[in-house]
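Me: Please go through this model with me, one point at a time. I will ask and you reply.

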Amino acid sequence: MAREFQRGHKARISDLTAGTDLYVGVQISGPGLSFDISCFGLDADERLSDDRYFIFFNQPASPEESLQLLGAQAGDTESFRVTLERIPPQIQKLSFTATLDGAGQMSQIGPGYLRIVAGGEEVARYSFDGSEFSTERAVMLGDFYVKDVWRFAAVGQGFDGGLEALLRNFGGEVLEEEEPEAPAPQAPEAAPAFAPPAFAPPPAPAPQPAQTQQAPPAPAQHIPQAPAPQQTPQGYVPPQAPHTPAPHPHAGHQGPPPPPHPTPVHAAPTMAAPLAPPAPQPGAQVPPPPPPPGPYGQPPVQHHGPPPGYGYPPPAPGGFPGQQPGPYGQPQPVAGQGGTPGVAAAFQKYREVPTGSRWTQQNSQLVRVDLGADAQPVLARQGSMVLYQGKVDFGYKGAGFAGRITGNATGQELSLMRCTGSGQVFLAENEANLHPVELQGDALCVSAENVLAFDETLAYEVRRIDGHGIPGGALFTMQFQGTGTVVVKTRGTPVVLPVTPTTFADSNAIVAWSAAAQVIVSSQVRMRRNAYPGHSGEGVNLQFRGAPGNFVVVQPYEI
Amino acid sequence: MNQQLAGFAPTPVAARMENHGHSMVKVAMQSGYDLYARTGSMVAYEGFVQYEPNPPAVRQIAGQWITGEGTPLMKCTGDGLLYLADYGADVVAIDLGGDSLSVNGTNLLAFDAQLDWGVERVKGLAKFAGQGLWNVRVGGQGWVALTSRGTPIVVDCGRGEDETYVDPDALIAWSPHLKVKGKRSFKASSMIGRGSGEAYQMAFSGEGIVVVQPSEDSTDRLRVRG
């Protein structure tokens, strides 16, 4: 089960997997963009003191081969093999980076990820997309670093300056002498000189049908570079040879560096693998990396060979004797379940999402709060707990704060419970959609019946909005302020409207609004009323006024 | 008009049970491979499918259910495509593949007749039986369809050192080898659980999974039907 990381999350690798022979895959792509993905082995001062540990397309392995570049495979734009226990002690940190080659900026990239696969199972995934970046041209995606033990951190930070800035960050002067200096200006002039036009088909070294995002958008002059080193007349296999930087170090980025072994070799194990993922073999020189699972954290799906069709029964591989395919099909392993039948596999897509943060949305209707993260109690609506693990105490929290007023005035009572202790509590109510809102000093007004849970650290007060025609005589809202999280629940997908001079909302459908907006009750009962037989049913509206930047949240459901 | 609706046409059959959207399951029926489904859960079928309410086999296995009103299961036989749903609840179709699962009766939509199954009452929870908490244990090679009010979540029970506590109203299914006991967190000042003020949870311990739904609504909609 893959653990989802977000920018800034850290974890011990031993918590993710017991293995130390890891596969690290990076997928990054963008229309018309091309990337260099490399790994920097840094010393304790975060400097690249030994440039033999700069693993990139031109230097695909470190001297003792604890770090190896494997090329594009299984949906990953680039992949590495990292054998943690063989990494020499002076290397304290591995930084996986992606740099843009050619024009563009990181905000243009599509969804991508960095993932760690051990023993054929994806154990960690850090997903990102262009919205997390702006004008960066080089990003550090993730780090492995030693702090007592090896750990992993999802970084997601970049530099506007591209590879150059990245190199400077890692101790520039060493690099600028030894390594490809100032790569960007050199690429264009060198590229035409070396490009053997015969090798136009870019995907030659890695014939993988799954990698659609990889090849096509490459600018033309780069394409030939990828296969070139492999096919050069010298005849030696370049990957192993630590030859001096090629004249155009920056050009071969798009096509994977010549993979030491043709990918079809481990196409075969991948097909057979799903039932029993092969254990990593430390002895082999470049063992076939364990088949990385497909996207979405499901068990491995074959990327090689014809994709298992969803539209028809997959050709039974002789495994179902005595069952003729009936006219309407019959029990067969479905492709999405990757051949590991059983309850655990079948439920894979509904797995708990583990991250280290305090509030984690599990799916659109479930939220998990980790009370152990910092020992702050959480107040939640009574009855909203569906499951908990650990030592959690649920105390009755009197309705005193709002109940006195709300309860008496409207008959609706918001009764809360206080969750204390250490453990994880899963909260949900009546399949309402949940939205954790993190407040950092700002204030939010939430209609009382749309509050599911909130951190006790937040200051809250009850505000009463009077108005003729509001059911119960008044609308009660809770205003939250401070630092913490409020979980707001809505029926259906809400709409978030910016506050303009003419923003109105139904008092029954309003969910929340930013506290700086001013609320006015506007009753639409003017002269018009007589113009209609009966009335429109939309009696009382709330009008909002506020500076730009304020917003209103409305749900498609009127209480 | 056809074109706009064409997106909802059934996909070709790839498995015994498949989701059609979130809240409908399509079962590929074949004679010789019968199916037990909740009475009243059929929304459509295509082909030659016959329904037998109150099948004798069920009466034998599930004598406890029978309270004079018949069993909540019907047996479906024949060849064709059968569509089942439960008032818009999410449906999860799973291939047991030799494993077994205990399913809250309310959340069981259908299962293959060749599975090993039985009705059991959870020890120590007899007091909840009044609200219809019986559960069905199914195992073997075949498919089961569960319903869930909202997207379910699956939690590894063995992860924490402590037990996993579940609101019985939100519980869908669990691994049958887990140890189950009822727990009352009943203090003078504590009140959780819905409505009654009686706070109880089910405590699971051991290695396995627990499936819960994001809703405490456990009313049996199908049973209400005639």
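**Sheets, cores and confidence**

Reply: In this predicted model, chain A has an open sheet of six strands in the order 2-12-11-8-4-5, and the pairing is antiparallel. Each of its two edge strands pairs on one side only: these are strand 2 (10-12) and strand 5 (54-55) of chain A.

Me: How many bridges join strand 11 of chain A to strand 8 of chain A, and how many pair strand 11 with strand 12 of chain A?

Reply: Strand 8 (residues 93-101) and strand 11 of chain A run antiparallel and are joined by seven bridges. Strand 11 (residues 138-147) also pairs in the antiparallel sense with strand 12 (residues 149-159) of chain A, and there the number of bridges is nine.

Me: Which residue of strand 12 of chain A is the bridge partner of Asp143(A)?

Reply: Asp143(A) lies in strand 11 of chain A, where Ser95(A) stands opposite Asp143(A). For Asp143(A), the bridge partner in strand 12 of chain A is Ala153(A).

Me: Is strand 11 of chain A mostly covered or mostly open, and how many of its residues are buried?

Reply: A residue counts as buried if 20 or more other C-beta atoms lie within 10 Å of its own. By that count strand 11 of chain A is mostly covered, and the buried residues number seven of its ten.

Me: What is the strand order of the other open sheet of six strands in chain A, the one with mixed pairing?

Reply: The edge strands of this sheet are strand 1 (3-5) and strand 6 (67-69) of chain A, each pairing on one side only. From one strand to the next, the twist averages 20 degrees. The pairing is mixed and the order is 1-10-9-3-7-6.

Me: Which residue of strand 7 of chain A is the bridge partner of Val24(A)?

Reply: Strand 3 (residues 21-27) and strand 7 (residues 78-83) of chain A pair in the antiparallel sense over six bridges. In strand 7 of chain A, the partner of Val24(A) is Phe80(A).

Me: Which residues have the most contacts inside the largest nonpolar core?

Reply: In soluble globular proteins, nonpolar side chains tend to be buried together. A second, separate core of 60 residues includes Val26(A), Phe57(A), Phe96(A) and Met106(A). The largest core has 112 residues, and those with the most contacts inside it are Leu427(A), Ala145(B) and Val212(B).

Me: Which residues of chain A are in contact with Val212(B), leaving aside neighbours within four places in sequence?

Reply: On the chain B side, the contacts of Val212(B) include Pro152(B), Ile153(B), Val166(B) and Ala170(B). From chain A, Val212(B) is in contact with Val386(A), Leu387(A) and Phe426(A).

Me: Why is Gln518(A) classed as partly exposed?

Reply: Gln518(A) is found in strand 25 (residues 518-523) of chain A. Not counting residues up to four places away in sequence, Gln518(A) touches Phe544(A), Arg545(A) and Gly546(A). Gln518(A) is partly exposed because the number of other C-beta atoms within 10 Å is 13.

Me: Which element of chain B has the highest mean pLDDT?

Reply: Chain B has three helices and 17 strands, and the mean pLDDT of the chain is 79. The lowest mean among its elements, 54, is that of helix 3 (residues 221-224) of chain B. The highest, 93, is that of strand 2 (residues 25-29) of chain B.

Definitions and conventions:
Residues are numbered from 1 along each chain as its sequence is written. Chains are lettered from A and ligands numbered from 1 in the order in which they are written. This is a predicted model: local features need pLDDT of at least 70, side-chain atom pairs count only at pLDDT 80 or more; totals for chains, interfaces and linings use all residues. Two strands pair if DSSP finds at least two bridges between them. Helices (H or I, at least four residues) and strands (E, at least two) are DSSP runs, numbered from the N terminus. Axes are lines fitted to C-alpha atoms, for helices over the stretch in contact, and angles run from 0 to 180 degrees between N-to-C directions. A nonpolar core is a set of buried Ala, Val, Leu, Ile, Met, Phe, Trp, Tyr and Cys residues joined through C-beta atoms within 7 Å. A residue is buried if 20 or more other C-beta atoms lie within 10 Å of its own, exposed if 12 or fewer, and partly exposed in between; C-beta atoms are placed from the backbone. Two residues are in contact if their C-beta atoms, placed from the backbone, lie within 7 Å. pLDDT is the predictor's confidence in each residue, from 0 to 100.
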